[in-house]
Amino acid sequence: MNSVFKALSDPTRRHVLELLRKRPMTAGDLAEHFPVSKPTMSAHFAVLREANLVEAEKSGKTVTYSLNLSVLEDALLGFAGLFGIGTPKTSKPARAAAVLKRRTT
Amino acid sequence: MTTKPIATSLAIAAFMLLAAAALKYGQAHELVSAVFVTRMTQVGIGVVLALYGNFIPKNATRSRGPACTPSRMQSLLRFGGWSFTLAGLGYAGLWAFAPVAVANVVAMPLVAAATVGTAGYCGWAAWTCRWRPAAGDARS
């Protein structure tokens, strides 16, 4: 259960699980949704696999991930997302800068 | 892979038998009332249903039906899991806290609704998968 909490504590891994809720996806398709390097994504996938939250199926060079959540884990994912667990808190000036940047672009 | 779920199921079965024997013993020796025995038995059934419902999406992932695409199968398993878990918790909660007359009337239809809902969803998914695979399915 500890590995499950560890896996769900990271917003990127939670986003991966939310994407997999819609349908099983390949590692490449999932990586396209995140502005991080492939080794970083592989590490995230490894944590999710270790916690048995995703199932990987290899066919040739492609690895397809599908969701493997129990109802309790699904509910925990929802709660963690709802309360933003693990999401870095930004300071007021940083938030204002982010809003300003969004307005100008 | 299959030994762990079997061991867990056997442990749950043993616990249920032991609990039933203990309740029967308690009732025979007038330690607990007949209503208490009925309530505890029904609560146990509800909790076990919720436990099995909890693991439906996890353990049944590999048993993909031939007619269903992975995304439909995944949503079907999630729907079934949530339905049976909530029905089981509702069943246990009603038998634990509601008046016996209310629990008698409401609890079983709750489980029946989950069963019918899941069976209906399963039938719909199988029917639609047969004619039209879901858009964006990664595997067939």
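Analyst: Two strands are said to pair if DSSP finds at least two bridges between them. The model is predicted.

User: What makes β1(A) and strand β3 (residues 62-67) of chain A a pair?
Analyst: β1(A) and β3 are joined over two bridges, in the antiparallel sense. The requirement is at least two, so the two bridges here meet it. A:Thr26 stands opposite A:Thr64 in β3(A).

User: Why are β1 (25-26) and β2 (54-59) of chain A placed at the edges?
Analyst: The open sheet has three strands in the order β1-β3-β2, with antiparallel pairing. β1 and β2 of chain A each have a single partner strand, so one side of each has no neighbour in the sheet.

User: Why is the pair B:Phe79 and B:Tyr121 called stacked?
Analyst: The ring centres of B:Phe79 and B:Tyr121 are 4.6 Å apart and the planes are at 15 degrees. Pairing needs centres within 6.5 Å, and stacked applies to planes under 30 degrees apart; therefore this pair is stacked. B:Phe79 is in helix α3 (residues 70-97) and B:Tyr121 in helix α4 (residues 100-131) of chain B, 42 residues apart. Ring pairs also bring B:Trp124 into a cluster with B:Phe79 and B:Tyr121.

User: How do you know whether B:Tyr121 is buried or partly exposed?
Analyst: Buried means under 20% relative accessible area, and exposed means over 50%. B:Tyr121 has 24%, so B:Tyr121 counts as partly exposed. B:Phe79, at 33%, is also partly exposed.

Methods
Residues are numbered from 1 along each chain as its sequence is written. Chains are lettered from A and ligands numbered from 1 in the order in which they are written. This is a predicted model: local features need pLDDT of at least 70, side-chain atom pairs count only at pLDDT 80 or more; totals for chains, interfaces and linings use all residues. Side-chain values use heavy atoms; hydrogens and water are left out. Rings of Phe, Tyr and Trp (its six-membered ring) pair if their centres lie within 6.5 Å; planes under 30 degrees apart count as stacked, over 60 as edge-to-face and the rest as tilted. Helices (H or I, at least four residues) and strands (E, at least two) are DSSP runs, numbered from the N terminus. Buried means under 20% relative accessible area, exposed over 50%, partly exposed in between (1.4 Å probe, protein chains only).
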